[in-house]
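Hi there,

I am passing a structure on to you, as promised. Could you have a look at it when you get a moment?

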Amino acid sequence: ENSLNNTGMTWSRGCPPRVQSALSSVSGVESVTIDFATKTATVTGSGIDTKALSACLADTKFAATLKD
């Protein structure tokens, strides 16, 4: 399980579905849960490249950092 902090996410811009779709496209991702209140995305799966998670969000103009 990997958790990422997302910045710039708002409901009014339809961000959560776009973030979820982008993260779901990364190889090995089985599920993505978005918590809008904490601006956190939790990703589960196997063999997930964490750099690919951040990169796919950057491609959609969102910044993300892995939570410790």
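Below is what turned up, grouped by region.

First, the ground rules. This is a predicted model, where local features need pLDDT of at least 70 and side-chain atom pairs count only at pLDDT 80 or more, while totals for chains, interfaces and linings use all residues. Residues are numbered from 1 along each chain as its sequence is written, and side-chain values use heavy atoms, with hydrogens and water left out.

Let's start with helix α1, residues 15–24. Helices here are DSSP runs of H or I with at least four residues, strands are runs of E with at least two, and both are numbered from the N terminus. C15, P16, V19, A22 and L23 of α1 are buried (under 20% relative accessible area, 1.4 Å probe, protein chains only). These residues lie on the same side of α1, because they cover an arc of only 130° around the axis (taken from the directions from the helix axis to the C-beta atoms).

The largest nonpolar core has 16 residues; such a core is a set of buried Ala, Val, Leu, Ile, Met, Phe, Trp, Tyr and Cys residues joined through side-chain atoms within 4.5 Å. At least two of its residues come from each of α1, β2, β3 and α2 (50–59), and α1 gives the largest share, four residues. L23, V29, V43, L53 and L57 have the most contacts inside this core. Beyond its neighbours within four places in sequence, L57 is in contact (heavy atoms within 4.5 Å) with N6, V19, A22, L23, F62 and A64.

Next, the strands. β2 (residues 29–35) and β3 (residues 40–45) pair in the antiparallel sense over six bridges; pairing requires at least two DSSP bridges. V32 has V43 as its bridge partner, and T33 stands opposite T42. Four residues separate the strands in this hairpin, where K39 takes a positive phi near 50°.

Finally, T40 belongs to β3 and is buried, with a relative accessible area of 6%. Its side chain makes a polar contact of 3.1 Å with that of T38 (a pair of N or O atoms within 3.5 Å, one able to donate a hydrogen and the other to accept it; residues adjacent in sequence count only if both atoms are side-chain atoms).

Best wishes

How values were computed:
Buried < 20%, exposed > 50% of the residue type's maximum accessible area, 1.4 Å probe, protein only.
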